[in-house]
Amino acid sequence: MFYRETGQFKQSYAADQAVFPILQDRLGLAAILLVAFVVVPLFGNEFLLASVMVPFLILSLGAIGLNILVGYTGLLSLGSAAFMGVGAYAAYKLSTIFPGVNILVWILCSGFFAAGIGVLFGLPSLRIKGFYLAVATLAAQFFLQWCFVRISWLYNDNPSGAIEVPARTLFGLAITGPSATPVTRYLVVLVIVVVMTLLASNIVHGRIGRTWMAVRDMDIAAQLMGIRLLPAKLLAFAVSSFYCGVSGALMVFLWLGAAEPSAFDIKLSFLLLFMVIIGGLGSMIGSFFGAALIHILPIVIRGLPEALGLPIAAATVEHLTYLIVGALIIFFLIVEPHGLARLWQIAKQKLRVWPFPY
Amino acid sequence: MSLKNWLYALSATAVLTLPAVHDAQAEDSIYVPLFTYRTGPFAGSGTPIANGMHDYLTLLNERDGGIGGVKLIVEECETGYDTKKGLECYESVKPKKPVIVNPWSTGITLPLIPKAAVDKIPVLSMAYGLSASAKGDTFPWIFNPPATYWDGFTQILQYIATQEGGGIEKLKGKKIGYIYLDASFGREPLPLIEQLSKELGFEAKLYPVAAADMQNQSSQWLSVRRDKPDYMILYGWGALNATAVKEAVKTNYPMEKFISIWWPSEDDAKGAGDGAKGFKTLNWHAVGADFPLLADIQKHVVDAGKSQVSGKDKVGQVLYNRGIYNSMLIAEAIRRAQEITGNKVVTGEDVRRGLEGLNIDDARLKEIGLEGFTGAVKLSCTDHNGHFSTFVQSWNGTTYEKVSDYIAPLSDKVGPLLDADAKAYAEKNAPWPARSEACDAS
């Protein structure tokens with residue numbers, strides 16, 4: 001009843017091709033942004049900001065990066081955590097070599113390093129597909145992680161073998177290091193994630209995105225239509241790794257504060273892949289849904305017994321969390337194999353025809 | 001569809017109600033969170049430690065009504081030995097004003113080191129974490145007694161020298177193998193090994209084991225068989241220890257020449273069968289439940305069903321007692337903080353002073369009910385580690401037996417490295433705050 005585009009006439013091609021052609025969608029997006037930018041920082045406590053929202057946004061960005069590769073271009077990758085690591089180590093090296101330059105510049109620049117490495121490991125994608133490509137990217141995962149452990153230049157010969165985040169400021173406000181408040185860190189991450197999501201959304205809705213989707217659906221047909229496969233696939237690797245790299249740099253600088261190489265292990269790669277699959281392949285909002293399900297849901301489940309006053313031991317809660325999250329993942333995949341984004345789409349469609357479903 | 005909306009509503013309410021619970025904290029109590037891992041790949045080592053830590057503090061609540069008449073609120077947070085989850089735990093306990101945190105993972109300790117001074121919560125990383133944090137003037141909020149990994153390495157070397165019948169000059173010309181977890185923990189002694197092998201004239205053979213290959217060390221042990229080192233030194237954790245002992249038995253390496261840092265448990269040696277007899281590890285506290293305090297724990301906590309130990313024989317195992325030792329430090333630091341400030345309810349800042357003024361002598365150990373359990377512990381404002389002596393214990397098939405005297409570390413070799421390391425840390429993390437905390441004359 002309320003969610004209906006009746007009466008909204010488009011008078012230009014631009015309006016007709018907009019990402020959000022329906023007014024209600026635009027209002028909804030504005031409301032979400034309002035909540036994210038105003039309500040959450042004003043009313044959220046430190047735990048919500050530092051342990052729920054910041055990791056959620058950073059993982060979402062990583063999931064978007066992987067989604068570009070897996071969801072939009074159809075290239076299966078298991079090396080996303082390593083590309084995140086490249087971003088993190090690049091940002092660390094750059095900020096320690098040039099401490100005068102603003103850290104945000106380096107966080108964004110680190111994406112280019114990740115993109116370069118991503119292109120390098122994306123080269124085999126022209127010849128191999130599917131599981132074979134997954135194995136090739138798995139090699140990237142192991143090789144890069146080995147580099148993070150073995151090349152002591154990367155972590156400035158720290159005896160701890162970890163990268164530690166120096167304190168840096170933006171407009172006089174600490175944004176990294178121990179004195180950065182969760183609110184500042186949240187807002188910085190939020191701005192970066194929103195801008196980059198917008199960019200990604202424009203890329204995938206435009207010519208480049210259509211090229212990728214054509215390659216995904218049938219690469220020979222795409223080739224026959226005049227799409228050059230190698231540049232298209234390498235571009236997908238580059239953009240995807242760029243997003244992963246920035247998300248990795250954000251992870252170390254604005255979330256963890258220090259990281260050992262094990263922070264970028266294969267587990268994180270799988271986690272991102274789960275987010276993309278459960279959230280919805282080839283969907284921006286799905287990346288956010290997936291990150292929410294994988295990151296926020298366990299926190300909520302862990303908090304429930306305490307909130308309800310149930311005396312359950314911490315370890316039992318942890319086991320229960322694993323059980324429940326696992327069961328929910330299976331449940332959602334059975335109900336809708338195309339991920340949460342598809343559920344969202346169905347919901348919108350239902351709202352459109354409500355109250356007279358046909 | 002409705003189910004999904006319902007779920008969202010549920011999670012939203014849960015997130016909103018969480019803070020309310022945190023505020024409903026009793027005023028006259030001391031909050032001690034315990035970061036534990038009873039799940040995940042390291043649960044085998046983590047569970048006995050968690051039990052030991054938890055049972056000691058529970059005993060103080062049950063038997064004495066807390067410390068100095070103030071009840072302790074002991075709460076476990078499950079980290080699964082995962083840095084991200086550990087940080088989540090830290091953020092979730094922070095609003096409840098913890099007086100101390102024990103990360104029980106080097107990975108979780110590292111991000112907490114800069115945070116500790118800002119949040120005013122002291123970090124007790126007992127014999128793990130960043131070795132350089134022993135320097136109290138650079139790291140006023142971090143404590144890592146009773147010994148660092150570098151101290152441990154020199155202690156093992158000295159033990160080897162006494163086995164050869166003399167001082168450390170006896171190491172000349174010996175071949176010493178070092179098998180270690182190829183992560184920050186195991187790599188930390190590498191600069192020390194490089195320096196000492198030159199100074200003392202022994203040949204070091206390195207056998208790194210990647211974290212992913214902990215349970216597959218056959219290639220490393222093949223090299224050991226080829227190289228035939230006179231002694232083997234092990235720095236491992238979790239499955240790495242158990243596998244190393246098994247492989248050593250399989251390769252017929254003489255077990256009495258296989259010496260580990262202080263982390264292997266009974267189960268690590270037991271798994272290898274009778275062949276593991278003679279396997280040695282460092283330790284700084286007794287094994288076994290033959291102490292009045294542990295008898296009290298048995299009576300007030302385990303028999304009362306307030307412990308999570310799976311059997312009575314678990315009380316007194318190496319890692320259980322390690323947890324006891326950890327909680328003893330916490331409790332004594334809180335007690336000392338109460339003495340210094342005169343307040344019953346102490347804060348993180350007070351406990352930091354309590355840790356710096358920590359002085360557990362033999363008389364106090366007897367009072368606690370742990371006479372002969374361990375050496376005296378005394379920290380100071382500049383020395384947050386103590387660099388205490390440890391001894392070597394040997395596996396006899398059922399338990400560990402103490403087989404050496406207490407061995408002091410080679411502080412003249414380790415000291416300069418620590419100084420340089422602390423200085424480098426402060427430089428790399430510039431602007432590192434200078435110590436502003438006053439020092440209590442103790």
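Author: We start where the chains meet: 44 residues of chain B touch 42 residues of chain A. This is a predicted model, where local features need pLDDT of at least 70, side-chain atom pairs count only at pLDDT 80 or more, and totals for chains, interfaces and linings use all residues. Residues are numbered from 1 along each chain as its sequence is written, and chains are lettered from A and ligands numbered from 1 in the order in which they are written.

Reader: What makes two residues count as part of the contact?

Author: Their C-beta atoms, placed from the backbone, must lie within 7 Å. By that rule chain B gives 44 residues and chain A gives 42.

Reader: Which element gives the most to the side of chain B that touches chain A?

Author: Helix H1 of chain B does, with eight residues. Other elements supply at least two residues each, including strand E2 (71–78) and helix H15 (411–428) of chain B. Helices and strands here are DSSP runs, numbered from the N terminus (helices are H or I, at least four residues; strands are E, at least two).

Reader: How many residues of each class are on that side of chain B?

Author: There are 20 nonpolar, eleven polar and 13 charged residues. Ala, Val, Leu, Ile, Met, Phe, Trp, Tyr, Cys and Pro count as nonpolar, Asp, Glu, Lys and Arg as charged, and the others, Gly among them, as polar.

Reader: What makes H4(A) oblique to H5(A)?

Author: Again, the angle: the axes of H4(A) and H5 (103–122) of chain A come within 7 Å and cross at roughly 135°. H4(A) is therefore oblique to H5(A). This crossing is right-handed. Phe83(A) and Gly87(A) are among the H4(A) residues that meet H5(A), where Trp106(A) and Phe113(A) are among the partners. By class, the contact has twelve nonpolar, five polar and no charged residues.

Reader: How do you know that E8 and E9 of chain B pair?

Author: Two strands pair if DSSP finds at least two bridges between them. E8 (258–260) and E9 (280–283) of chain B have two bridges, in the parallel sense. Ser260(B) stands opposite Thr281(B) in E9(B).

Reader: Why are E6 and E13 of chain B at the edges of their sheet?

Author: The open sheet has seven strands, in the order E6-E5-E7-E8-E9-E12-E13 of chain B, with mixed pairing. E6 (203–209) and E13 (400–402) each have a single partner strand, so one side of each lacks a neighbour in the sheet.

Technical notes:
Axes are lines fitted to C-alpha atoms, for helices over the stretch in contact, and angles run from 0 to 180 degrees between N-to-C directions. Angles under 35 degrees count as roughly parallel, over 145 as roughly antiparallel, 65 to 115 as roughly perpendicular and the rest as oblique. A crossing is left-handed if the near helix is turned anticlockwise from the far one by less than a right angle, and right-handed if clockwise.
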